[in-house]
Amino acid sequence: IQDMITSPAAGARPEDRGLTPAERVRRESDQRVSSMLEPPALKTSNVVVPTLKMNNQPPRILFDTVGKMAGINVVWDSQYSPPARNFTVEMNNQGVEQAFDYLAQLTHVFWKPINANTIFITEDNVTKRRDYEDQVVKVIYLTNATSVQEFQEISTAIRTVLSLRQVFTYNAQKALIVRGSLDSVLLAEKLARDHTLRLAAYVETHGQELFA
């Protein structure tokens with residue numbers, strides 16, 4: 001029986017030899033996650049929008065103007081309905097993404113990169129966010145959780161605090177599989193890491209008491 005547990009399955013890769021089934025599952029999961037493409041990002045780290053003032057302009061003019069100044073193509077949702085009112089803006093040496101964020105907040109739209117020099121814009125509402133917001137998947141290991149109950153409590157807290165609907169748990173590996181927007185997944189990872197650091201500090205401080 002022990003040989004069946006520790007020996008690799010037929011056709012296993014050389015690098016998997018000597019691993020237990022659980023270790024192979026974890027390796028395969030890590031490889032799948034690392035192979036996933038990250039959401040597109042603009043290549044505008046050194047681009048700054050100089051002093052700019054626009055009076056009483058619709059959202060399309062605002063975004064298209066900033067886009068032209070930064071060499072960014074702007075693609076609008078064909079179903080986008082502009083508001084009845086126009087907007088006045090004034091910028092002074094802002095980064096391109098900061099400028100887009102400012103315009104988005106002002107005009108109530110949602111923008112996202114679709115490649116290194118193109119953005120897509122649509123109305124900012126729950127439906128459009130669900131349809132267009134980038135979703136990422138990440139596996140977060142909580143190996144320092146002292147019990148399955150504690151592991152489940154942490155996963156419930158992360159799901160509740162961040163309003164994440166897709167948080168799956170794998171008790172055997174104390175692993176969380178989190179799916180959501182990039183920002184929410186990064187926050188979930190930070191919450192998990194903060195808990196791990198606090199637990200490690202507690203164990204270091206009270207180690208003798210815990211293991212006496």
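Residues are numbered from 1 along each chain as its sequence is written. In this predicted model, local features need pLDDT of at least 70, side-chain atom pairs count only at pLDDT 80 or more, and totals for chains, interfaces and linings use all residues, while side-chain values use heavy atoms, without hydrogens and water.

**Exercise 1. Check the length of helix α4, then sort its sides.**

Step 1. Helices here are DSSP runs of H or I, at least four residues, and strands are runs of E, at least two, numbered from the N terminus. Helix α4 covers residues 96-107, which is 12 residues. The expected span is 1.5 Å times one less than the number of residues. That gives 16 Å for α4, and its end C-alpha atoms are 16 Å apart, so the two agree.

Step 2. Buried means under 20% relative accessible area, exposed over 50%, partly exposed in between (1.4 Å probe, protein chains only). Val96, Ala99, Phe100, Leu103, Ala104 and Thr107 are the buried residues of α4. They cover an arc of only 135° around the axis, so they lie on the same side of α4. The arc is taken from the directions from the helix axis to the C-beta atoms. Gln98 and Gln105 are exposed on the other side.

Step 3. Look just past the helix. His108 follows α4 and has a positive phi, near 60°.

**Exercise 2. Find the residues with the most partners in the largest nonpolar core.**

Step 1. A nonpolar core is a set of buried Ala, Val, Leu, Ile, Met, Phe, Trp, Tyr and Cys residues joined through side-chain atoms within 4.5 Å. The largest one has 24 residues.

Step 2. Phe63, Val66, Phe100, Ile119 and Ile121 touch the most other members. Helix α4 gives the largest share of this core, 5 residues.

Step 3. Take Ile119. Contact means heavy atoms within 4.5 Å. Beyond its neighbours within four places in sequence, Ile119 contacts residues including Leu42, Phe63, Phe100 and Trp111.
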